[in-house]
Amino acid sequence: MPAVADSAPNGSDLGDPAPAKPQPETLFIQSSAEETRVALQSGAQVVELQVERTTGRGLSGNLYFGRVQRIIASMDAAFVDIGLDRAALLHASDVWAPDAPGRDDDDESVGDAPLRRSFRPIGDLLHQGQGILVQVVREPVAKKGPRVTTYVSLPGRNAVLLAREPQVGVSKMIDDPAERARLQAIARKYLPPGCGAIVRTVGEGATEAELAEDIGFLARQWVDIRTRFEAATGPSFLFDDLDLVLRALRDMVGAQTQTVWISDRGDFDRVATFVRRFHPDARPEVKAHDGPLPLFATFGLDRWVRQAVEPKVHLPSGGELVLQRTEAMTVIDVNSAKQVGGGALDDAVLTLNVEAAHAIAHQLRLRNIGGLVIVDFVDMKRADDRRTLERVFGEALARDRARVRVGKLSEFGTMQLTRKRVRESLADRLTEPCPTCHARGFVRSSSDLAIETLGRLRTALAAAATTQTAVVRVHAPARIAAILGDQLAGSVKALEKNFGVRVELSERSGHGGEIQVQTGGDHGVGSK
């Protein structure tokens with residue numbers, strides 16, 4: 001049984017610089033009737049976590065027959081009905097046309113909207129009511145529907161088929177010029193007309209037969225999708241990606257993977273077959289877990305899941321990261337300890353920021369944080385230290401499988417980056433808005449609500465002055481009722497005397513809910 005990190009995931013291992021040598025990896029796949037959880041462990045760290053509900057699989061990579069609902073010229077985009085609750089957004093730069101420009105890079109990421117420059121307005125490319133074949137590139141987020149593209153990408157083991165982009169690229173992670181040229185030549189040899197491909201990082205060293213088989217399979221898949229599209233009569237689902245079990249085997253298993261643990265013996269045959277077919281060189285050992293506890297509990301992985309939704313991550317030096325999500329971005333603040341460390345202050349600050357850089361790169365991947373990210377590092381005075389931090393952060397982010405674009409450290413100590421967002425983040429999958437604070441992250445103070453309740457009590461008593469009311473009841477959370485009965489007891493007694501009534505306070509557990517002020521036989525006045 002492989003060693004698993006038993007140390008708390010918010011401990012010192014999060015900020016340690018990643019070793020130069022590749023670490024042995026273990027893939028854990030825990031399946032149940034309700035969900036599937038996947039964890040990739042590299043050395044002593046869990047570096048990736050994914051969760052997929054049985055009844056709520058993600059949409060990313062799915063293909064649909066869509067019908068253009070509206071064209072928004074001011075956005076240079078269109079809303080497309082694909083048969084879901086919310087319409088999908090299609091930008092002009094994602095609309096394929098025979099004379100449209102292709103990708104401007106060799107990124108192997110599947111489902112990410114490539115950088116294309118549209119030179120025609122959306123109204124010249126589409127018209128309302130038009131039927132189009134689209135692929136989801138970004139999951140619905142908050143109140144926004146999915147984002148789609150007409151540039152279809154079909155992922156295989158060694159290559160990604162670009163169904164409408166007749167060019168060949170090679171992953172930037174393959175840096176040997178001779179190998180890049182060899183792979184490009186093989187791909188061009190077997191691609192069908194009108195299609196292109198990107199050879200993935202795992203395709204390095206692939207034989208001509210392996211690459212040809214991969215491309216041939218994807219080409220047949222594309223023909224089948226087009227056939228389904230032509231037969232469709234309205235917005236409908238056409239094709240989806242592999243389930244999480246096989247997707248994890250395809251995308252996460254590599255040369256460093258030694259073991260694949262699965263919890264469901266019913267998956268053993270298909271997992272072993274998939275590994276033999278798609279990983280003939282790596283061939284990690286597939287093992288079925290038979291212990292009394294769930295797979296994640298046995299290997300101490302549950303704590304990593306819990307930590308991955310916490311807002312704070314502790315660093316070895318005593319500092320911490322504070323992660324805050326907003327509608328538009330994720331903000332990460334690097335906080336120093338009360339004593340940053342011994343020795344020169346500048347050296348201690350650099351050490352803290354370097355720890356934070358490694359921890360942030362790890363957390364982005366672990367939590368699958370996508371979109372715009374703003375990092376506020378501790379201020380550094382020395383220019384050499386700033387350049388060192390930029391270099392270290394860039395090297396740490398380069399190990400991410402997702403595409404990351406990072407800017408320079410600003411004069412204010414902040415750094416901006418974007419990370420490819422295709423599927424929901426772990427927090428989106430595992431958390432929900434707080435019913436008490438309604439996702440604000442705070443609640444109104446007890447004293448403020450108690451004073452507001454007094455004001456409403458005065459208003460209610462004045463309105464009921466002619467009804468001979470004898471008793472007024474206030475029903476409030478315990479924290480507010482306590483203040484009304486203690487610090488503000490004098491004000492309550494003054495109201496009782498002025499209006500000739502008796503005020504009864506009743507409390508309930510919890511922080512949220514309405515505060516009810518009831519006078520006589522009415523139903524009261526309530527607010528939150």
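This is a predicted model: local features need pLDDT of at least 70, side-chain atom pairs count only at pLDDT 80 or more; totals for chains, interfaces and linings use all residues.

User: What is the bridge partner of Val260 in β15?
Analyst: Val286. Strand β15 covers residues 285-288 and pairs with β14 over four bridges, also in the parallel sense.

User: How does the chain cross from β14 to β15?
Analyst: Through helix α5, residues 268-278. This β-α-β crossover is right-handed.

User: Is β14 mostly covered or mostly open?
Analyst: Mostly covered. The strand spans residues 257-262, and five of its six residues are buried.

User: New topic. What is the strand order in the open sheet of four?
Analyst: The order is β9-β10-β12-β11, and the pairing is mixed.

User: Which are the edge strands?
Analyst: β9 (153-155) and β11 (168-170). Each pairs on one side only. From one strand to the next, the twist averages 15 degrees.

User: Which helix packs on that sheet?
Analyst: Helix α2, residues 177-190. Helix α2 touches β11 and β12. Its direction makes about 145 degrees with that of β11.

User: And how do β10 and β12 run, parallel or antiparallel?
Analyst: Antiparallel. Four bridges join β10 (residues 159-162) to β12 (residues 196-199).

User: Which residue stands opposite Ala197?
Analyst: Leu161 does, with Ala197 sitting in β12.

User: What holds paired strands together, in general?
Analyst: Strands of a sheet pair through backbone hydrogen bonds.

Note on methods:
Residues are numbered from 1 along each chain as its sequence is written. Side-chain values use heavy atoms; hydrogens and water are left out. Two strands pair if DSSP finds at least two bridges between them. Helices (H or I, at least four residues) and strands (E, at least two) are DSSP runs, numbered from the N terminus. Axes are lines fitted to C-alpha atoms, for helices over the stretch in contact, and angles run from 0 to 180 degrees between N-to-C directions. Contact means heavy atoms within 4.5 Å. Buried means under 20% relative accessible area, exposed over 50%, partly exposed in between (1.4 Å probe, protein chains only). A crossover is right-handed if, with the strands pointing away from the viewer, the path from the first strand over the helix to the second runs clockwise.
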